Amino acid sequence: RPFKSSKNRFSQGDVLYGKLRPYLDKVIVANEPGVCTTEIIPITSYGNIYPEFLRLLLKAPNFITYANSSTHGMNLPRLGTEKAQHAVIELAPIQEQLRIVSRVDKLMSLCDQLEQHSLTSLDAHQQLVETLLTTLTDSQNADELAENWARISEHFDTLFTTEASIDALKQTILQLAVMGKLVIQDPNDEPASELLKRIAQKKAQLVKDGKMKKQKPLPPISDEEKPFELPSGWVWCRISDISTVGTGATPSRDEPKYWLDGEINWVTSGETNKPFIKTTSECVTKKAIDDTNVSIYPPGTLIVAMYGQGKTRGQITELLINAGTNQACAAIQLIANEDSHRKFIKIFFEKSYDDLRALASGGAQPNLNVAKISQTVIPLPPEHEQARVVLAVNSLLNLCS
C-alpha cells in the first residue's frame, strides 16, 4: 500500500522505492524507521507479504518496463505515486516467497563471484597481451622480432579477443612503424637526410619569395629527446624542420557579419575526432577572415587539437577542404606534401597521442601550444620507406578493424 505524506515517514521493514529515473533500479528494505525524500515511495506490506520478496518484484524486468513506460517529466523522469499504486504484481504463497528470496540471494552471491572472477581474468589477459606486445617493441634485431612475433601469432585468436587487447595491438603497430621495425630497410633507399636537405632548400626559397616567414632556429635535438635508436638511413628532426605550424581564432560571436551566411569552413578542436574533415559544423564570412586572425589552410593540412574536453587534446585529423580553425587547433602544413610523407607524419601523431597529452601543461585544463607542437621531435625514414610503412600500417589496422 503506497502512501504519501508531507514528510514521507517510513517504518522498519517498509520497502523504499526510488521513483526518480526508475531505470536506475533503486529499491531497498528499511532496517529501521525514518524519514525520506519525496522522490522515494515507502511501501508498507500487510498480511503474508515478505518485504524482501516485494523488493525482488520491484526489481524484476517486467516491473522496470512498466515503471519506465509510466514516467512523467523529460529531463528527470519519475514514476508517479498513483501509477505505482496501479502496478500489477505477482504474489506467491508466503513459504514460497521465503524460498524464492533464499534462492535469489544464493544465486546473486554466485553472480558476484563470477563477475569478480571475470574481471580478474580480463585484467590478467590484458597484462599478458601487453607484456607480449612489449617484447616486439623491445626486440633488438629482425631475428628477435620474428621470434617474438611467432610466439604471438601462434596464439593470435586467443590473445586478441577484447577491445582493450586490439587497441593495444594497434598502438604496438604504430610504435613499430615509427621505430623502423615494421618493414625491412632497403640499403638502396636514398637516406632521409637528403629529403631533409631538399625540404630546407624549399623552405629557404619560400622565405625568399615572401610566401613564408623566416622561422626562429630551434635548439639542436638532445640525446634525451631521442627515445630509441634509429635504423640506418633514418634521421631525427623537429616538426618545424619539415613544416610550418600555425593556429586560428574565433571571430566575435557578437558580430553577426562574421557568422551570418558564412561560406568559409571553420574547424573547432572537437572536430579532430575523425580522421578527415570534409565539412565543418560552422562557417565564417569573408569579412571575418579579413578582420581577424583566422587563416585559411589548404587540403592536406594536418590539424592537431591543442586543448578541448575529454579525449580531444592531442587528436589529429586531415583537411580535405580549405578551412580556417579556432585557436584550440594547430595547423601543420608540410613543406613536402607528398601523400606517403603526409600519411607517415599523421601516423606518428596518432602514435604520440598519449605523449602529446602528457606534454600539455596547465591547471584544471592542461593545454598544448604552437611552440610545443613545433618542437615535437619525430623519426623520419627515407622517402621510399615511408611509403612501405604507410602500406603496412593501413593493412594491419584494417585487420584490427
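Helices (H or I, at least four residues) and strands (E, at least two) are DSSP runs, numbered from the N terminus.

Before going on, please keep in mind that this is a predicted model, in which local features need pLDDT of at least 70 and side-chain atom pairs count only at pLDDT 80 or more, while totals for chains, interfaces and linings use all residues. Residues are numbered from 1 along each chain as its sequence is written, and side-chain values use heavy atoms, leaving out hydrogens and water.

Two strands pair if DSSP finds at least two bridges between them. Strand E2 (residues 15-18) is joined to E5 by 4 bridges, and the two run antiparallel. Here Val15 stands opposite Ile43 in E5.

Another open sheet of 3 strands has the order E12-E10-E15, and its pairing is mixed. Its edge strands are E12 (282-284) and E15 (324-325), each pairing on one side only. Strand E10 (residues 264-267) and E15 run parallel and are joined by 2 bridges. Trp266 has Gly324 in E15 as its bridge partner.

## Salt bridges

Side chains of opposite charge can pair when their charged atoms come close. A salt bridge is counted when a side-chain nitrogen of Lys or Arg is within 4 Å of a carboxyl oxygen of Asp or Glu. The count comes to 16 salt bridges, including these:

| Pair | Closest N to O |
|---|---|
| Arg238 and Glu225 | 3.0 Å |
| Arg342 and Asp339 | 2.9 Å |

How far apart in sequence are the parts tied together by Arg238 and Glu225? Arg238 lies in strand E8 (residues 235-238) and Glu225 in the loop between helix H8 (192-208) and E8, so the pair ties together parts that are 13 residues apart. Arg238 is buried, with a relative accessible area of 3%, and Glu225 is partly exposed at 30%. Buried means under 20% relative accessible area, exposed over 50%, and partly exposed in between (1.4 Å probe, protein chains only).

Asp291 and Lys287 both lie in helix H10 (residues 286-291), 4 residues apart, about one turn of the helix. Asp291 is partly exposed at 42% relative accessible area, and Lys287 is partly exposed at 38%.

In helix H11 (residues 339-351), Arg342 and Asp339 are 3 residues apart, or about one helical turn. Arg342 is buried, with a relative accessible area of 12%, whereas Asp339 is partly exposed at 39%. Salt bridges that share partners join Glu318, Asp339, Arg342, Lys343 and Lys346 into one network.

## A nonpolar patch

Leu107, Leu110 and Leu114 make a nonpolar surface patch of about 280 Å². Patches take residues with over 30% relative accessible area and no salt bridge, joining like charges within 9 Å and nonpolar side chains (Val, Leu, Ile, Met, Phe, Trp, Tyr) within 5 Å. Accessible areas come from the Shrake-Rupley method with a 1.4 Å probe, and for residues only the protein chains shown count as cover. Leu107 is in helix H4 (residues 94-137) and is partly exposed, with a relative accessible area of 46%.
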